[in-house]
Amino acid sequence: MDDTRTDDARLFRDAPLFRLDVTGADLHGEVRRLRDTGPVVRVELPDGIPAWVVTRHRLLRDLLTDPRVVKDPVNWTLLRDGSVPEGWPLINFVAPAGMVTADGDDHRRLRTLVTQAFTPRRIAGMRAPVEANVRGLLDRLAAQPPGPVDVRALFAYPLAMRTIGDLLGVPEERYDEFRALSASLTSSATGPDEVLATRRRLLALLAALVAEKRAAPGEDIISDLIAAREDADRLSEEELIGTLLLMLVAGHGTTLNLVTNAVRALLTHPGQLARVRAGELPWTAVVEETLRWDSPVAHFPMRYAKEDIPLEGAVIRRGDAILASYVAAGRDPEQYGPTAGAFDTARENKRHLTFGHGAHFCVGAALARLQAETALPALFTRFPDLSLAATPEELLPLPSFISNSVRTLPVLLG
């Protein structure tokens, strides 16, 4: 690196950090400001913890497959030296052992075991149960008293939670507790006491589920993963619990946000909805454009530089943390042109990074798509006069820069 580039890199590290809003009050506005700041921005996370955000699609895509970028938190300098508090709001994305925090051979081993339980055949077999679940939820919506109903709470959530619950073998009576704990975990505005309490309770619930399945195996993924532990390449208890934590939280949260965001997008873009209803565009176009335009996951923690990485005048130093900003990549004008910020189901280039890229591509992507592609046409067919019961400005965002959606989505069924 020449002297000029070295000086530029020093300026990056000496410049004030861009503080991310933990409440997510204006997520897309904040991302625009991040993008205007530059292609690589050093940001401040809760408790003053620094990290990097890459705001360009091409750069993030390359970083997600760069061998110098890893997932194992042992590579994070601030965690090693004790600078990250035990009750840090994002610690539950860093601490659990499992597929999401593994690299190389360890990751391949864990992913192989998980994909054996998460096979295409099993996902295909979920179509009929998902369709039946959707029909039942629509019947329940139709039976609601006249007036606004929350389509997030009464449709998107039970669809997503029952689907992943059935796959994992989670008893229905535990759904609401898992939902509340997941919401706490994905919030970036929680205090240290709640962070620690959430982690303890989630791990205890998952450990209890594992014990129950070990005693009485069923036709579910937890039982399959327990059985896989008995082979030569087995999951350790810690890896099993950490992997289940990821699958439960991401498995319902991504679909919950995706369906909610898609319904909101269509109701605020009636011309787009009319074209889809008329058969001019497929419902798959709605799903993919929603994933691009309003990613269910905003900034996903955490990756780490295994060595110094020069990037667009900055240097991400060895041991630095990196957020994968899917919400920034999704509206990048360099990738999608001057209309990147517009919701356009007819857009030709809908390719996105929302489910990741490379070795850590989301194993549940097909299931999330299946649920959304089933739920959306069924909802708008059953209730053709569906409309928002609040102005877009009245829809409060989730208190998070990780999970991207609204807290409620009140609609009139018509």
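Analyst: Two strands pair if DSSP finds at least two bridges between them. Helices (H or I, at least four residues) and strands (E, at least two) are DSSP runs, numbered from the N terminus. This is a predicted model, where local features need pLDDT of at least 70, side-chain atom pairs count only at pLDDT 80 or more, and totals for chains, interfaces and linings use all residues. Residues are numbered from 1 along each chain as its sequence is written, and side-chain values use heavy atoms, with hydrogens and water left out.

User: Over how many bridges do S5 and S11 pair?
Analyst: Strand S11 covers residues 410-412. Val 149 stands opposite Val 411 in S11. The pairing with S5 is antiparallel, and the bridges number two.

User: Which strands stand at the edges of the open sheet that holds S5?
Analyst: Three strands make up this open sheet, in the order S5-S11-S10, with antiparallel pairing. Two of them have a single partner strand, so one side of each lacks a neighbour in the sheet. The edges are S5 (149-150) and S10 (387-388).

User: Which are the edge strands of the six-stranded sheet?
Analyst: The sheet is open and mixed, in the order S1-S2-S3-S9-S6-S4. Within it, S6 (residues 299-305) and S9 (residues 321-325) pair in the antiparallel sense over four bridges. Tyr 304 has Ala 321 in S9 as its bridge partner. Pairing on one side only marks the edge strands, S1 (18-19) and S4 (69-70).

User: Which residues does Phe 155 touch?
Analyst: Contact means heavy atoms within 4.5 Å. Residues up to four places away in sequence are not counted. Phe 155 then touches Val 134, Leu 137, Leu 138, Leu 141, Asp 150, Val 259, Ala 375 and Leu 379.

User: Which element gives the largest share of the lining of the second largest pocket?
Analyst: On a 1 Å grid over the protein atoms alone, a pocket is an open set of points where a 1.4 Å probe fits, with protein on both sides within 12 Å along at least five of seven lines; lining residues have an atom within 4 Å of a point. Of the 23 lining residues, His 28, Arg 264, Asp 294, Pro 392 and Val 406 are the closest to the centre. Helix H2 (27-37) and H12 each give two or more residues. The largest share, four residues, comes from H2.
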